[in-house]
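Hi,

Here is the structure I said I'd pass along. Have a look at it first, and my notes on what turned up follow below.

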Amino acid sequence: MKNTIEVRNVSKTYPGFRLDSVSFTIPEGAVVGLIGENGAGKTTTLKAILNMIKFDGEIKVFGKDSKNCEKEIKEELGVVLDDSFLSEYLTAKQMNKVMKQFYKNWDEDKYFAYLKEFQLPEDKIVKEFSSGMKMKLKIATALSHHPKALILDEATSGLDPIIRNEILDIFRKYILEEESRSVLLSSHITTDLEQIADYIIFIHQGKIVFFLPATDLLENYGIVKCDEKEFQHLEKKDYISYRKDKYSYQVLVSDKDMVKKKYRFTVIDKPSIEDIMLFYVKGEGK
Amino acid sequence: MKGLIIKDLLNLSSYKTTLFLILIFCSMGMIGTDAVNFAPTFIIVMIGMIVLSTFNYDEASHAEKYIVALPLTRKEIVMSKYVLAIVGNILGGIIGIILTIIIVNVMNVIRPDDLIRLDYQGLLVTVISGIFGVALIQAIQIPSVYRFGAEKGRIQMFLLIFLLVLMIAGAGFLITKIGFDINMEEINHFMNRFGIPVLILVSAVLYYISYKISYKIFKKKEY
């Protein structure tokens with residue numbers, strides 16, 4: 001299987017923050033969610049991939065060096081940035097006139113089909129769009145040159161659940177159209193990622209904490225609720241971290257079936273990605 | 001690069017009415033005062049300023065970050081602003097000349113007993129001087145917008161124009177104080193003979209140096 005994005009030992013230092021030797025690989029056809037709290041390094045990682053910042057390390061996109069083949073790479077990438085767009089003062093129709101100059105593969109028919117599908121007005125300036133409409137326009141613009149991969153920075157944040165769901169559907173459709181397409185999306189709304197991501201990268205204080213298949217996290221991880229006595233019996237190697245409440249313990253385990261059998265726990269809860277994130281960040285005994 | 005220029009022109013399309021009003025205002029000014037040199041200079045300066053406002057549109061849309069993510073080199077991004085500035089400047093000059101010629105001829109037809117003799121050489125010198133003036137402002141302004149941002153740049157531009165006026169006035173005052181005798185006739189003679197090529201050359205050099213500085217700043221910029 002080919003890799004769409006390879007990030008090797010990427011580091012970037014800002015005053016008070018360091019993205020520390022981040023490495024991961026995104027295979028073709030995978031949807032990868034980048035999670036982490038605000039300021040954890042998600043956007044910095046995406047910026048490095050898009051060559052928006054200077055960094056140490058190496059990044060390859062479609063097998064090409066991101067620094068030397070920037071233009072070729074970006075021809076094949078669709079990008080959605082939460083806080084930036086071409087212009088707030090153009091209409092969706094004018095946007096087409098501009099965007100077709102940038103991409104050799106720009107597909108006008110596809111773009112207008114998206115506008116119709118997303119019910120976006122062609123002659124209204126972007127500034128007058130609602131935030132959901134703006135995001136849909138950004139996505140329509142990112143998808144209309146048949147990109148091989150999508151990079152999305154907080155594409156669903158600040159939107160209501162219905163719009164978010166619609167947007168996730170758009171991404172699902174995009175992936176289904178061609179098997180080799182990949183998506184890397186950063187979000188702090190982890191429930192969105194639970195619905196769509198094949199893999200989850202969790203980044204915390206500039207370091208990757210884990211890069212795991214989403215099914216593994218959602219199916220195999222578990223939260224054991226027990227008292228102190230039961231907790232004392234647990235071997236360190238069988239859990240990831242724990243949180244101590246007033247009278248009980250909550251323990252995050254990575255193989256809930258094994259723990260259930262070994263320690264005869266009757267109930268082990270299924271955690272959400274957010275729960276797992278919290279255990280990694282706030283939990284003790286790591 | 002073409003896409004960025006189209007984007008800027010579309011952003012500026014709201015200035016269509018303003019530009020039309022400027023043309024009407026200049027025409028009326030010319031008819032009222034017979035000052036044939038006023039219109040081209042005014043038009044060049046206005047277009048020069050309007051072109052610079054594309055930076056404000058980009059800043060208001062937070063567009064730079066998105067533009068950097070497009071399949072464009074940073075060289076093309078900076079170049080697009082200079083192409084727009086230079087073409088706008090030249091176009092301002094051409095519009096100014098055409099408008100002056102039209103108005104003067106119309107006035108001469110309407111008032112045949114009070115003919116205005118149009119000094120074409122003088123008009124051209126005025127236009128090229130205007131272009132040079134705007135080139136000087138843009139050449140300083142564009143790199144500083146890349147360095148400090150469009151909002152701060154706007155304040156800086158007024159300071160810059162104020163400083164330029166102050167420097168010219170100061171130089172004039174000093175020359176008179178020292179008692180240095182300026183032969184205006186000689187200056188005029190020089191300007192009429194060599195003014196046009198010299199001003200065009202200096203404007204081109206200013207734009208070139210400015211572009212190099214802007215690119216150097218923009219190449220290092222992180223988003």
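**Where the parts meet**

Between domain 1 of chain A and domain 2 of chain A, one residue pair is in polar contact, with both residues at pLDDT 80 or more. (A polar contact is a pair of N or O atoms within 3.5 Å; within protein, one must be able to donate a hydrogen and the other to accept it, and residues adjacent in sequence count only if both atoms are side-chain atoms.) Three elements of chain A each supply at least two residues of the side of domain 1 that touches domain 2: helix H7 (190-196), strand E9 (199-204) and strand E10 (207-213). Helices (H or I, at least four residues) and strands (E, at least two) are DSSP runs, numbered from the N terminus. That side of domain 1 divides into six nonpolar, three polar and two charged residues. (Ala, Val, Leu, Ile, Met, Phe, Trp, Tyr, Cys and Pro count as nonpolar, Asp, Glu, Lys and Arg as charged, and the others, Gly among them, as polar.)

Before going on, some housekeeping: this is a predicted model, where local features need pLDDT of at least 70 and side-chain atom pairs count only at pLDDT 80 or more, while totals for chains, interfaces and linings use all residues. Residues are numbered from 1 along each chain as its sequence is written, chains are lettered from A and ligands numbered from 1 in the order written, and side-chain values use heavy atoms, leaving out hydrogens and water.

Back to chain A: the assignment gives domain 1 (3-215) and domain 2 (221-282), with bounds from an automatic or database domain assignment. Their centres, taken over C-alpha atoms, are 34 Å apart. The area buried between these two domains is about 820 Å², and carbon and sulfur atoms give 81% of it. (A salt bridge is a side-chain nitrogen of Lys or Arg within 4 Å of a carboxyl oxygen of Asp or Glu.)

**Chain A and chain B**

These two chains bury about 2,700 Å² between them, 60% of it on carbon and sulfur atoms. Three salt bridges cross the interface; for A:Asp83 and B:Lys65, which form a salt bridge, the closest N and O atoms are 2.8 Å apart. There are also twelve residue pairs in polar contact, both at pLDDT 80 or more. On the side of chain A that touches chain B, H3(A) gives the most, with five residues.

Cheers

Methods:
Buried area is the accessible area (1.4 Å probe) that two parts lose on being put together, summed over both.
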